[in-house]
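Please take the sequence and the structure together, and follow the text below with both in view.

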Amino acid sequence: MLHWFYDIDIVDGPLPVAIWTVSAVGAVLLVLRRPTRRPARRWLVVASVSMFVGAALGLTLVAIVDASGVVGVPLPTPTAPWLAALFAAIGLAIASMVRSSRKRKVAAVALIVLGLLSATLGVNAGFGINRTIGSALGVSTGNAIDGLSRPQPAPTGTAPVASTPLYASWDPPSDMPATGKTGLLTGADAISSSTAFVPREASIYLPPAAQVANPPALPLVVMMMGQPGNPQPDFIAAALDEVAAKNKGLAPIVIIADQLGNPDTDPVCADSARYGGVDTYFNKDIVAYAKSRLNILQDPQYWTIAGYSNGGSCAFTWASKYPEIWGNLVDISGNEWPGDENEAAAIADGYGGDAGAFAAAKPAAWLQKNAGKYTSHVAIFTAGENDPEYTQFAVNNAALAEAAGFTTKNYVVPGADHVVTALRGGLPYAFTELYPRLGLAAPPSS
C-alpha cells in the first residue's frame, strides 16, 4: 500500500532538489532578516562567524571519522561539503535563537530539521547505493519475479552442458527483449534456509536470452551486496544489460542474496550459533535451488560467486573454500577477510570466542588447504582508485589467489571510491573479462 512512498527516488528525483532548495531559501531568509533587537551590521558579523565556526566543526568531524575508520570505509567526497553546510546551518540557527522572537526561534528549529534532511540526502547520494526511500530503510518494494523457468530435474548425467560456446551457437529470436528482467524470489519461488539463518528475500536477474521461448541454459552468478545493504539487483542488472547488449542478449542468470540477515549485523560469512548457517545457506541451499529451479549450465566453469565490500569478502572466502562449486570469483572492493574491521567482535560473535577457528576460516587458510584445486579457476578483483585501503586489499588477495593457482585479474577503477562508482566501474569490467570463459563472447584476439 505504501509502495509509492518507498519507491520515491532520493538520489536523482525531485524530492532532494525540493528539500535542498527550501533549506537554502530558509537559510538566506534567516541571514537577511535580522533579529529586531540587533543592529544589521552586528547581526551579519554574528551570523557569518556562527556559520564559519559550524562549517569548521563539520569538516573536523569528517576528518575525525575518516581518521578513526569508524565507518569502515572512506567517506565519499560529497560528505565533507554536506556536513560543513549542515553545521553551518546549525550555527546560524543557534545564533538566530538568541534574543529573538518566538516566530524566529521556530524558523531556526525548522532550518535545523531541513539541514539534517538535506545533509542526509546529500551524503546518501554520495554513497549512491540506496536510491529510494525503501532501499534506505531496508524495505524491499520489488515485485515477485514472473515467468521464472522451472526445468524438470535432469536425469543423472544429463544436466545442461555447453557442447558449443553460446556465443557461437546462439541466434537470438527477433522478439527477444532488449534488457533483462528483475524481481523478488518470494512466495513459491523463495529460497528456503535450512538452518537458523534468516535471510532477507533474494532477488533475481534474468537476461534477455532467458526471456524467450526455448531459452538456452546459461551460466549462474550468485551476488552479494555490502553492509549495510540490501540484496538489490539494480547494479549488477545494469552492468550485465550493458555487456549483454554487445553479445546477443547473453548474460548469466543472477541470484542476488543476503549474507547478513540483518543489515546491522555481520555473520562474517560463517555458520555460527549466534547468527545461524549463512555459509550453509549460500553453498548448500542456494546451490540446490539453482540446480533444481533454474535453466543453468551445471559445470563449475560457468558458476561465479560475486560480492561487493562485505559481500566481496564472503565471495573470496567461499571461492577458496568450495572450488568444486565456484569456478569463478568476482570481488568488488572486498574486505581483506571477513571480520577484518573488528576481529575481536568477529571471533566472539561468529566463532564463539575461538580465535583459531577464525584464523582457519580466512581465505588464505582455505587456499592453502585446497592447494592444487584452482588451476582452472578465475578470480577478478577490482577496487576504486580513490579507495587506497581496499585497493591494497585487492592487491593482497589477488596475489594469494594467483599463488594458489587461480588465473587472476586486478583492476583499479579510474576515479572511483568505495561506493557507487566502484560498482559501476568494477562490475562491467569483471564480466567483460569473464564472458569468454563463460562462453558468452569470443576470446579476445591475441
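**A disulfide and the strands around it**

The link of C269 and C314 is left-handed, with -85 degrees about the S-S bond. It is a disulfide, that is, a pair of cysteine sulfur atoms within 2.5 Å, and the sulfur atoms of C269 and C314 lie 2.0 Å apart. The pair joins distant parts of the chain, since C269 sits in the loop between strand 4 (253–256) and strand 5 (271–272) while C314 belongs to helix 10, 45 residues apart. Both C269 and C314 are buried, where buried means under 20% relative accessible area, exposed over 50% and partly exposed in between, with a 1.4 Å probe and protein chains only. By this rule the count comes to 1 disulfide.

This is a predicted model, in which local features need pLDDT of at least 70 and side-chain atom pairs count only at pLDDT 80 or more, whereas totals for chains, interfaces and linings use all residues. Residues are numbered from 1 along each chain as its sequence is written, and side-chain values use heavy atoms, with hydrogens and water left out.

Helices (H or I, at least four residues) and strands (E, at least two) are DSSP runs, numbered from the N terminus. Strand 7 (residues 303–308) and strand 8 (residues 328–332) pair in the parallel sense over 5 bridges, pairing being assigned if DSSP finds at least two bridges between two strands. The chain crosses from strand 7 through helix 10 (residues 310–321) to strand 8 in a right-handed β-α-β crossover, a term for a path from the first strand over the helix to the second that runs clockwise with the strands pointing away from the viewer. Within the pair, Y308 stands opposite I332 in strand 8.

In a regular strand the side chains alternate between the two faces of the sheet. Strand 8 is covered on both faces, with N328, V330 and I332 buried on one side and L329 and D331 buried on the other.

Strand 8 also pairs in the parallel sense with strand 9 (residues 378–384), over 5 bridges, and here N328 has V378 as its bridge partner while L329 has A379. Strand 9 in turn pairs in the parallel sense with strand 10 (residues 407–413) over 7 bridges, where G384 stands opposite V413. The chain passes from strand 9 through helix 14 (residues 388–404) to strand 10, and this β-α-β crossover is right-handed.
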